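Here is a quick look at a two-chain model, written for someone who likes to check the coordinates. Have the viewer open while you read.

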Amino acid sequence: MAMKTNYKLTKKDFNQINRRNLFFNQLGWNYEKMQGSGYLFIMLPQLRKLYGDHTPELKKAMKTHNQFFNTNPSVNMIIQGIDLAIESKEGVKSLETVSGLKTGLMGPLAAIGDSIFASLLPAILGAIAANMAVQGNPFGLIIWLIANFIIMYIRWVQLPLAYREGTTLVTKMQGQLNALTDAATLLGVYVVGALVATLINIQVPFVAHIGKVTVTLQNEIDMILPKLVPGLLVGLIYWLLGRKKMTSTKAIFIVIIVAVICSALGVLGKG
Amino acid sequence: MHGSIMFWQVLLLTLYSMYQIWDDLTIVSSLSQPVWAGLIAGAIMGDVTKGLIIGGSLQLTVLGVGTFGGSSKIDANSGTILATAFSISAGMNASTAVAAIGVPVASLMIQTDILGRFTNTFFQHRIDRLIDEENYSAIERNYLYGVFPWILSRGIPVFLALQFGGNFVSTAVKVLDTHLQWLSNGLATAGALLPAVGFAILLRYLPVKKHIAYLILGFTLTALFSTLYTNVQSLGTTMATVSKGFAGSFNSVSMVAIALIGLAFAINEYKKNTDKQKLTELVSSYKNSSKEELNNSEDGEIYGDED
């Protein structure tokens, strides 16, 4: 007979899941199933409560949740919250639905989560911290630490919200998240532009002597546009990165070699 | 003291390198970032400022590098630890250490990261088997064992390099400072240029074409203001030394102010998007209702014909 579970998750359960997620997620990351075993580990105690120990239902549920899974670790609790909401209502017969939901949600959530939590925020906070650090000031690091504690809080409150709202959460959030991502990327692009103009201390030390006239090339460039050299160099590297078979690591080494050559020729120098 | 790192320093740096990868995978407190590595390694080695400079430079280099879909990323944290430790112990210039030690180490460490991720497959297979055996506590235990490949993938190479790399680095520094001055200068230039790579990588992940206007705006605004502020600053400090009555504080351009201007544009964009969305929802609901009306009136005509 199809067993229906009537267990409702309590605050204690939420705390246990959140603790496991915050301190142990991704420790089992591997090439075969990526965060698969992590997904199971995080909610194993609750699965045992839902289905009961040593039942065929629990074994089936464990197998379902030990499959390939990978998403951004800042938003994964949304998926597990919705999953638990469905499973605690429908029981073992919902496992197929839940599998589909997991694979359906992990991609889009990874895209949003990665662009905001893995790319944009670390870039902006990292730029502020690094900007202060290269001047010997550690204050920016504290800002970063505080900001990341706020993100931890956001990760903590996702679960009860997703559990309460269930599948309706996805449709509700879609539009707002798109608008937010768009605005956040705009700010990101703008900030990168500002950083290019401040944090690349490169100039052209080349001085030409034409008869009695001395021409300092950097002065001429500054008259056209200050920070033109850093701007052009970033553009050049951006183009380089777009070439086939180019990786960021390769690009970094190419830049080092070219910089050493240009420095030896007296074309580029530290500002 | 040049050229040698005390054993307790090696030990603390190794422990930190093992902690940071756990942090990076789980709570993400930012302690695993290169700037923090610079501060912590600098504190252990007794020169916080130098650590911050090296950490900050490497942070800017990898600004846009994230782990997407579980790919290995360049390990700028371990690179910072080794660059800071050797730069302080062997008396190497900070910018040179970034390019000569930080970056090569960071990219070599990709290999140990891959090894760690690969080793964890072993525990995954044990979990697969333990599910059939319904051994719940063993499942959890074997999941947690996954922490060892991770922390050892950082701890072992960092320990070995710190313990045995010192002599090699101090010899290299001597050669660089005497016979290869041009290379030393070149590496320092490279260190200063590396943030450009970080920014370019970041732009690759952002919708540059869509927001190109804001890229130009952010760049030009900051280029003008920073030049202005720098000039006023040097003018002001020079004047203050010449004339006693001339006082005042002269700061460099406020990046927070520059960022706030960008935030204003971002807020506008957000509002515009949500308004647009409401409009499309309204239009679609209106279309639906008018369709129904249309159906109703058609029905009416048919009834009329039958009359």
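## Chain A overall

Keep in mind that this is a predicted model. Chain A has ten helices and four strands, and from the N terminus on they run α-α-α-α-α-α-α-β-β-β-α-α-α-β. Its radius of gyration is 26 Å, well over the 18 Å that the globule rule gives for 271 residues, so chain A is more spread out than a compact globule.

Taken along the principal axes, the C-alpha atoms of chain A fill a box of roughly 100 × 35 × 35 Å. As for burial, 45% of the 271 residues of chain A count as buried.

## Where the chains meet

The contact draws 91 residues from chain A and 99 residues from chain B. On the chain A side, helix α7 (residues 168-199) supplies the largest share, with 21 residues. That side of chain A splits into 57 nonpolar, 25 polar and nine charged residues.

## The nonpolar core

The largest nonpolar core holds 153 residues, and B:Leu82, B:Leu193 and B:Leu194 are among those with the most contacts inside it. Helix α5 (residues 95-133) of chain A gives the most to this core, at 16 residues.

Leaving out residues up to four places away in sequence, B:Leu194 touches residues including A:Ile252, A:Val255, B:Ser57, B:Leu60 and B:Thr61.

## Helix α3 of chain B

Helix α3 (residues 48-61) of chain B reaches 20 Å from its first C-alpha to its last, close to the 20 Å expected at 1.5 Å a residue. Twelve of the 14 residues of α3(B) are buried, including B:Ser57, B:Leu60 and B:Thr61.

How values were computed. Residues are numbered from 1 along each chain as its sequence is written. Chains are lettered from A and ligands numbered from 1 in the order in which they are written. This is a predicted model: local features need pLDDT of at least 70, side-chain atom pairs count only at pLDDT 80 or more; totals for chains, interfaces and linings use all residues. Two residues are in contact if their C-beta atoms, placed from the backbone, lie within 7 Å. Helices (H or I, at least four residues) and strands (E, at least two) are DSSP runs, numbered from the N terminus. Ala, Val, Leu, Ile, Met, Phe, Trp, Tyr, Cys and Pro count as nonpolar, Asp, Glu, Lys and Arg as charged, and the others, Gly among them, as polar. A nonpolar core is a set of buried Ala, Val, Leu, Ile, Met, Phe, Trp, Tyr and Cys residues joined through C-beta atoms within 7 Å. A residue is buried if 20 or more other C-beta atoms lie within 10 Å of its own, exposed if 12 or fewer, and partly exposed in between; C-beta atoms are placed from the backbone. The expected span of a helix is 1.5 Å times one less than its number of residues. The radius of gyration is taken over C-alpha atoms; the globule rule is 2.2 Å times the number of residues to the power 0.38.
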